[in-house]
Amino acid sequence: MEENTYIHVDQETVRGIEKRMPPQEELLDLADFFKVFGDGTRLKILYVLLSTEMCVYDIAAVLGMSQSAISHQLRVLKQMALVKNRREGKTIFYSLADSHIVTILSQGLDHIEE
């Protein structure tokens with residue numbers, strides 16, 4: 001049987017980290033937030049919206065996809081507060097929810113390009 005080679009736990013460090021750790025519910029919400037970025041179509045939509053606000057039909061044309069596929073993904077992005085919309089007559093225009101999304105996308109791209 002192997003001996004336990006880990007002899008000392010730095011309790012002060014452990015307690016300090018535990019105090020700074022977000023609550024479990026927030027960590028689960030953060031995990032859900034990052035899952036949204038795990039879909040290629042959603043990422044493409046976000047990158048399209050980096051340029052300008054667009055309606056579903058224009059996004060579908062840019063990405064060569066069906067309007068229904070884009071609408072489905074926009075619903076997910078809206079539920080996670082990554083995009084917002086505004087109505088102009090019968091047309092709904094989508095845009096990024098805020099500057100945090102731009103930062104997340106650009107830092108993610110910077111990271112994989114290193």
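Predicted model: local features only at pLDDT ≥ 70, side-chain atom pairs only at ≥ 80, totals over all residues.
The backbone deserves a look here. Phi of A81 is near 60°. That is a positive value in a residue other than glycine.

## Q67 and C55

Q67 belongs to helix α5. Its relative accessible area is 33%, so Q67 counts as partly exposed. Along the chain, Q67 and C55 are twelve residues apart. Their C-alpha atoms are separated by 9.9 Å.

## Salt bridges

Side chains of opposite charge can pair when their charged atoms come close. Searching the whole structure gives three salt bridges.

One of the three salt bridges joins K35 and D32, with 3.6 Å between the closest N and O atoms. K35 and D32 are three residues apart in helix α2, which means that about one helical turn separates them. K35 is exposed, because its relative accessibility is 57%. D32 has a value of 37% and is therefore partly exposed.

## The E53–R86–E88 network

Which residues are linked in a network of salt bridges? They are E53, R86 and E88. R86 meets E53 at an N to O distance of 2.4 Å. R86 lies in strand β2, while E53 lies in the loop between α3 and β1 (54–55), so this pair ties together parts that are 33 residues apart in sequence. R86 also forms a salt bridge with E88, at 2.9 Å from N to O.

## Aromatic cluster

The search of the whole structure finds three aromatic pairs. One of them involves F33 and F34: the ring centres are 5.4 Å apart and the planes stand at 75°, so this pair is edge-to-face. The angle decides the class, because planes over 60 degrees apart count as edge-to-face. F34 also pairs with F37. Here the distance is 6.3 Å centre to centre, with 45° between the planes, and the pair is tilted. F33, F34 and F37 make up one aromatic cluster.

F34 reaches 47%, so F34 counts as partly exposed.

## Nonpolar surface patch

Which helix gives the most to the nonpolar patch? Helix α2 (residues 24–36) does, with three residues.

I17 has its place in helix α1 (residues 11–20). The relative accessible area of I17 is 43%, so I17 is partly exposed.

## Helix α3

Helix α3 covers residues 40–51, twelve residues in total. At 1.5 Å a residue, the helix should span 16 Å, and its end C-alpha atoms are 18 Å apart, which agrees. The expected span rests on one less than the number of residues.

Where do the buried residues of α3 fall, seen down the axis? The buried residues are T41, R42, I45, L46, V48 and L49. Viewed down the axis of α3, they fall within an arc of 160°, so they line one face of the helix.

How values were computed:
Residues numbered from 1 in each chain as written. Heavy atoms only, no water. Phe/Tyr/Trp six-rings, centres within 6.5 Å; stacked < 30°, edge-to-face > 60°. Buried < 20%, exposed > 50% of the residue type's maximum accessible area, 1.4 Å probe, protein only. Helix = DSSP H or I, 4+ residues; strand = E, 2+ residues; numbered from the N terminus. Arc of directions from axis to C-beta. Salt bridge = Lys/Arg side-chain N within 4 Å of Asp/Glu carboxyl O.
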